Amino acid sequence: MGRDTVDRYVEAGGSWRPFWFVAGAFGVFLVLDALLPGRDIPPLFWLVAAVAVLGAVAVGCLAARRIWTVRVGADGLSVGRELVAFADIDIEHLRAVDSGVDAGAPVLGGGWSLPRGRTGLPLKLGDGRNFLVPTRDPAPLYEALMLRLGDTRPDTPDRPPGSQGTLGR
């Protein structure tokens, strides 16, 4: 998939917040170890534990960001490595979808079920297959898809905003 220079919609699949939380906890434990009386824990143990635990948390954060990031760009709709071209999306079905989950539909991007904290935006392809797009906020994703697919609102001109250059071509 070629990365376009400007994505119309990007929803990060994960955050670095757990990493920084664990790093802060390690800092607190290190300060407590230094301040409290008694035998100190050897610095080599602190180093090995910090690298191991923070490394595992960082891998989890990075994996979530790569696997579950939702993007609407020039190439199509992508979730992680999976890409759906705009030409393959059934726009009539998308227009009819208000909200809700298509029970039993596979999750775009893989996985058995929607990730925790995500809602599924039902998506039907032209060949009849159904998918759920995992998103935290389906309304902006829906709007980005509708704008990209050329849907106009009653109060907009013939084409959606951004479809014309500055010279009107």
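The legends below describe close-up views of salt bridges and of a surface patch in a predicted model. Residues are numbered from 1 along each chain as its sequence is written, and side-chain values use heavy atoms, with hydrogens and water left out. Local features need pLDDT of at least 70 and side-chain atom pairs count only at pLDDT 80 or more, whereas totals for chains, interfaces and linings use all residues.

**View 1. A salt bridge joins R95 and E92.** A salt bridge here is a side-chain nitrogen of Lys or Arg within 4 Å of a carboxyl oxygen of Asp or Glu, and by this rule the count comes to two. In this pair the closest N and O atoms are 2.6 Å apart. Both residues belong to helix α3 (residues 91-96), where R95 and E92 are three residues apart, about one turn of the helix; helices are DSSP runs of H or I with at least four residues, numbered from the N terminus. R95 has a relative accessibility of 36% and counts as partly exposed, a class that lies between buried (under 20% relative accessible area) and exposed (over 50%), using a 1.4 Å probe and protein chains only.

**View 2. The side chains of R129 and D127 meet in a salt bridge.** The distance from N to O is 3.0 Å. R129 is partly exposed, at 45% relative accessible area, while D127, at 54%, is exposed.

**View 3. V28, F29, L32 and L36 form a nonpolar surface patch.** Together these residues have about 380 Å² of accessible area, computed by the Shrake-Rupley method with a 1.4 Å probe, only the protein chains shown counting as cover. Patches are made of residues with over 30% relative accessible area and no salt bridge, with nonpolar side chains (Val, Leu, Ile, Met, Phe, Trp, Tyr) joined within 5 Å and like charges within 9 Å. V28 is found in helix α1 (residues 17-35) and, at 47% relative accessibility, is partly exposed.

Technical notes: Helices (H or I, at least four residues) and strands (E, at least two) are DSSP runs, numbered from the N terminus.
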